[in-house]
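Work through the exercises below with the structure in view. Try each task before reading its solution.

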Amino acid sequence: MSQKINRTSGRKISALAVTLALAACAGPNGVSIVEDQQTGFFASEEYARDASTGPMLVVVRGAAFGYDPTTLANLVVNNMQGADWGPHARFTPVAGPNTARMYFYVMAINPPRDLTGAALCARPSQPIAPGPVAAGEIRLEAALCRFNKVATSVAGRATDVAGPADPKFRELIVAAVQDVTRPNQQRIDRRDSDDSGGMHFHF
């Protein structure tokens, strides 16, 4: 299981705080997720309606495993299938005439540490420079976008990843997708947040 940190609704954690939180709170298997932005734009019922109109686009940026962009995109999208809160969307790395029009994802693999979900949604096609990662480490910035605005985003990290078939890579992707699509009434930070503006740690 991955470790998760949820922040108080409506606030954003700084890039430095996200980095420190990911490093401090990795689970026993080295996978951790921190929610770094929840804007209030996400509505699970609306997401479900949009998903029913056609496959949902996933834009994959970054690099890992020495894969070319198409192979990496297919790997990420395959690991995303069935991971969102139901009813599930069908994900595709290729835009087409029948893809959903409102929501889409941007999954940045090993991005710069200061890259935000808001930037990914505003400029989903912009190439990104590789960020610093240790050997065997995979970092993720995952953004669920509503049109060109971020709805929710999370940062994630997995350590000692042996390769693309390592279960920890799949767990990282699955945990991120689950967290960005979690219905508002199911969000831990909606149930027990306070007005202090602090991060809420849940292990």
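**Exercise 1.** Classify Arg-146 and Glu-46 as buried, partly exposed or exposed.

*Solution.* The model is predicted, and the accessibilities are computed from it.
- Step 1: Buried means under 20% relative accessible area, and exposed means over 50%.
- Step 2: Arg-146 has 24% relative accessibility, so Arg-146 is partly exposed.
- Step 3: Glu-46 has 15%, so Glu-46 is buried.

**Exercise 2.** Find out how the side chains of Arg-146 and Glu-46 meet, and where each residue lies.

*Solution.*
- Step 1: The two side chains form a salt bridge, at 2.8 Å from N to O.
- Step 2: Arg-146 sits in strand β6 and Glu-46 in helix α2.
- Step 3: The residues are 100 apart, so the pair joins distant parts of the chain.

**Exercise 3.** Count the salt bridges and look for a network.

*Solution.*
- Step 1: The structure has four salt bridges.
- Step 2: One of them pairs Arg-139 with Glu-137 at 3.3 Å, N to O. Both residues are buried.
- Step 3: Arg-157 joins Glu-137 and Arg-139 in a salt-bridge network.
- Step 4: Arg-182 and Asp-179 also pair, at 3.2 Å, N to O. Arg-182 and Asp-179 are both buried.

**Exercise 4.** Describe the largest nonpolar core.

*Solution.*
- Step 1: This core has 40 residues. Phe-91, Tyr-105 and Met-107 touch the most other members.
- Step 2: Several elements each supply at least two residues, including β2, α3 and β7. The largest share, eight residues, comes from α5.
- Step 3: Beyond its sequence neighbours within four places, Met-107 contacts residues including Val-58, Val-76, Leu-140 and Ile-173.
- Step 4: A second, separate core has 12 residues, among them Val-59 and Cys-145.

Technical notes. Residues numbered from 1 in each chain as written. Predicted model: local features only at pLDDT ≥ 70, side-chain atom pairs only at ≥ 80, totals over all residues. Heavy atoms only, no water. Core = buried A, V, L, I, M, F, W, Y, C linked by side-chain atoms within 4.5 Å. Buried < 20%, exposed > 50% of the residue type's maximum accessible area, 1.4 Å probe, protein only. Helix = DSSP H or I, 4+ residues; strand = E, 2+ residues; numbered from the N terminus. Contact = heavy atoms within 4.5 Å.
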